[in-house]
Amino acid sequence: MIGPKAIIHLDRLIHNYHEIKKHVGGVPLMTVVKANGYGHGAVPVAQALQKEGVTFFAVFTFEEAKELRDNGIIGDILIFSRMNHEFVEAAADLNITLIISHKEDIEILLDLFQRTHKRPKVHLKIDTGMSRLGIPLEDAQNILNKLMYSPEVDCEGIYSHFATADEGDQSYAKQQFEQFVEVLKIADKMEFPIKYRHFSNSGAILNLPETKLDLIRVGMLLYGAYPSDEVPRLLDLKPVMEFVAPIVTVRKVTKGTFISYGGKYKTDKETNIGVIQCGFADGFPRPWYVDGHVIYRGKKFKIAGRVCMDQLLVDFGDKIPEVGENVLLMGDGEYGSLLAEEIGKNIGSTPYVLFTAIGGRTERVFVNE
Ligand SMILES: Cc1ncc(COP(=O)(O)O)c(C=O)c1O
């Protein structure tokens with residue numbers, strides 16, 4: 001198929017997984033494969049991780065979890081989204097783990113038990129400062145009490161989520177962790193049986209190693225990028241995705257030619273303009289055109305003018321590139337290296353946004369070298 005390709009290097013994913021494991025000293029990892037494995041393809045990514053021994057996965061929606069189950073993922077799968085009547089019974093049937101993030105969620109589970117005698121596994125989410133989903137700190141004791149005396153609810157875990165773990169100033173994250181520890185103390189005092197206590201994510205692995213607890217939820221580092229530039233680069237990470245697209249035509253233009261929508265780019269000499277078949281509808285970061293480049297045969301070439309929906313233009317200067325050959329848009333591979341972190345920094349974005357945007361007509365090609 002002609003068009004953009006996301007070449008997914010599963011061998012690099014596995015390399016990163018082992019790098020992280022080595023770094024955290026044996027604490028089990030819950031590998032986060034939500035949003036189609038951060039744009040890398042949830043099913044092949046989870047399958048490759050399962051082969052390496054991963055037994056705990058996390059996604060956001062029930063549908064994402066079901067897709068993993070339907071494709072041979074047998075380990076635990078936690079879904080991060082708000083519980084809903086609509087899927088609790090199916091989750092129980094598929095052994096998918098849900099979260100309790102509001103007191104009303106307990107009623108959903110009690111109702112399910114009354115009707116069906118089914119008890120999906122659940123983790124209790126405490127809001128320590130993200131202010132998104134989660135039981136407010138002041139309600140934690142009551143909720144734990146209620147769960148303690150509700151055998152109809154199978155609560156095996158308790159967790160919270162950092163808002164600023166990947167930032168240089170760790171004071172807010174530390175405060176969040178201290179509050180969570182207070183909740184854990186309450187649970188301990190009650191002798192509430194908890195199998196998994198978890199808080200840490202990619203940023204915390206690097207910035208707050210003391211927050212590891214029983215399980216670490218890791219996403220971004222697996223895919224080979226750092227969550228921000230305010231974390232120490234302690235791991236030998238390899239970018240898993242190599243995003244490329246073909247040159248479909250090249251035209252020589254004279255000095256003073258306007259290129260693409262809005263006439264924002266005017267050639268300052270006679271030059272070769274290549275048309276690359278990939279646009280913002282395929283997930284190419286549109287703002288990158290202002291100051292951005294692609295890599296062709298190991299060399300940088302400027303993006304010329306606004307990125308279009310389906311195509312982008314590149315100023316190759318004196319070089320006449322080969323039609324049909326690929327340019328590297330993001331990642332690392334045979335064409336060169338252009339990391340998501342660099343693009344993100346330039347356009348005020350992050351690898352999280354850049355990776356998960358990759359889609360549209362992009363074909364994912366999985367390689368395991
Ligand atoms: C609740 C939760 N835990 C863990 C993660 C993984 O974070 P990271 O990719 O920074 O490791 C995410 C990702 O957004 C998340 O929403």
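**View 1. Ser202 and Tyr352 at the ligand.** Here the side chain of Ser202 places an N or O atom 2.6 Å from a ligand oxygen. For Tyr352, a polar side-chain atom lies 2.5 Å from an oxygen atom of the ligand.

**View 2. The residues around the ligand.** There are 13 of these, each with a heavy atom within 4 Å of the ligand. Lys34, Tyr38, Ser202, Arg217 and Tyr352 come nearest.

**View 3. The chain that holds these residues.** Its secondary structure comes to 11 helices and 20 strands (DSSP runs: H or I of at least four residues for helices, E of at least two for strands). Of the 369 residues, 55% count as buried, meaning under 20% relative accessible area with a 1.4 Å probe, protein chains only. The C-alpha atoms fill a box of roughly 80 × 40 × 40 Å along the principal axes.

**Reading notes.** Residues are numbered from 1 along each chain as its sequence is written, and side-chain values use heavy atoms, leaving out hydrogens and water. As the model is predicted, local features need pLDDT of at least 70 and side-chain atom pairs count only at pLDDT 80 or more, while totals for chains, interfaces and linings use all residues.

Conventions: Buried means under 20% relative accessible area, exposed over 50%, partly exposed in between (1.4 Å probe, protein chains only). A polar contact is a pair of N or O atoms within 3.5 Å; within protein, one must be able to donate a hydrogen and the other to accept it, and residues adjacent in sequence count only if both atoms are side-chain atoms.
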